[in-house]
Amino acid sequence: MMFGSQPDSFSPSQFTSSQNAAADSTTPSKMRGGSSTMPLTVKQIADALQSGTGEKGAPFLVDGVEISNIRLVGMVNGKAERTTDVSFTLDDGTGRIDFVRWVNDASDSAETAAIQNGMYVSVIGSLKGLQERKRATAFAIRPVTDFNEVTLHFIQCVRMHIENTKSKVGSPARTISAVGASFSNGSSESSTPTSLKSNPAPVTSGTNGSETDLNKQVLNIFREPAYLESEHGVHIDEVVKRFKLPAEKIKEAIEYNVDVGHIYSTIDDYHFKSAFTD
């Protein structure tokens with residue numbers, strides 16, 4: 001992960017009409033995970049501390065609040081395309097951070113093709129890794145067509161910082177968006193599609209029981225049409241009910257799919273939705 005301070009490279013004068021034209025001529029895929037993301041700057045991410053003992057997978061803390069999904073706005077540099085992914089550096093004036101965007105289907109390819117060096121974008125993604133080696137994965141990248149959005153983003157970052165630093169005194173770290181440690185908390189009734197709530201189809205066990213098979217089976221549940229149409233996705237409890245396996249196994253499969261960008265958390269720690277739109 002690269003962090004650096006390059007304020008001179010981030011300038012409103014570079015936000016040109018040609019970028020507006022490029023953004024208007026392309027329809028990027030729907031922004032994912034927006035309802036539970038935390039607006040941040042690169043500087044805040046660079047200063048983020050890992051909770052707990054600093055083990056791999058432990059969430060990072062910004063202003064004492066655990067984070068998973070993040071949103072940044074800045075200028076693209078160093079875009080590099082490969083068969084399976086696109087990497088780029090985002091410069092927001094407070095520093096630079098490297099992102100990777102996995103390419104899974106045609107819609108992902110179209111989204112990344114619209115992004116060019118020197119273009120301002122809004123990025124939703126996740127922050128993983130270790131304290132000394134943070135890893136940022138992008139779920140969705142959208143061109144910024146109005147420079148006011150850049151200003152608004154920094155205002156939101158300031159507001160979030162003020163709210164979190166005022167409320168954290170004497171309180172344990174709160175979670176913005178992460179896979180919960182318990183499956184029993186949170187209601188699964190409010191956002192579960194009625195068509196699946198009444199008679200969910202059980203998951204068949206026609207696999208060799210490998211970890212890869214389980215990860216795929218869990219992902220397939222999130223990709224069912226009814227859950228794709230649901231604004232909040234599916235509650236973890238609903239996924240657990242579909243398998244005759246320990247809940248911890250299902251949690252590990254969900255965490256894997258979050259790490260590789262296949263699913264993302266929505267309204268709380270327990271609801272997740274597929275990043276695939278079809």
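1. Lys43 is partly exposed, with a relative accessible area of 44%. Asp47 is partly exposed too, at 45%. The cut-offs: buried is under 20% relative accessible area, exposed is over 50%, and partly exposed lies in between (1.4 Å probe, protein chains only). The two residues form a salt bridge, with the closest N and O atoms 2.5 Å apart. Here a salt bridge is a side-chain nitrogen of Lys or Arg within 4 Å of a carboxyl oxygen of Asp or Glu. Both residues sit in helix α2 (residues 42-47), four residues apart, about one turn of the helix. Helices (H or I, at least four residues) and strands (E, at least two) are DSSP runs, numbered from the N terminus.

2. On provenance: this is a predicted model, in which local features need pLDDT of at least 70 and side-chain atom pairs count only at pLDDT 80 or more, while totals for chains, interfaces and linings use all residues. Residues are numbered from 1 along each chain as its sequence is written, and side-chain values use heavy atoms, with hydrogens and water left out.

3. The whole structure holds ten salt bridges. One of them joins Arg96 and Asp91 at 3.6 Å, N to O. Arg96 is partly exposed at 22%, whereas Asp91 is buried at 0%. Another joins Asp108 and Arg101 at 2.9 Å, N to O. Both Asp108 and Arg101 are buried. Arg101, Asp108 and Glu111 are linked in a network of salt bridges.

4. Aromatic rings of Phe, Tyr and Trp (its six-membered ring) pair if their centres lie within 6.5 Å; planes under 30 degrees apart are stacked, over 60 edge-to-face, the rest tilted. The count is two pairs. Phe88 and Phe99 have ring centres 5.6 Å apart and planes at 15°, so this pair is stacked. It links strand β6 (residues 85-91), which holds Phe88, to strand β7 (residues 96-102), which holds Phe99. Phe88 is buried at 4%, and Phe99 is buried at 3%.

5. Tyr120 and Phe147 have ring centres 5.8 Å apart and planes at 80°, so this pair is edge-to-face. Tyr120 lies in strand β8 (residues 120-130), and Phe147 in the loop between β9 (133-143) and α4 (148-167), 27 residues apart. Tyr120 is buried, at 0%.

6. An open sheet of three strands runs β11-β13-β12, with antiparallel pairing. Two strands pair if DSSP finds at least two bridges between them. β11 (234-235) and β12 (263-265) are the edges, each with a single partner strand, so one side of each has no neighbour in the sheet. Three bridges join β12 to β13 (residues 271-274). Ile263 has Ser274 in β13 as its bridge partner.
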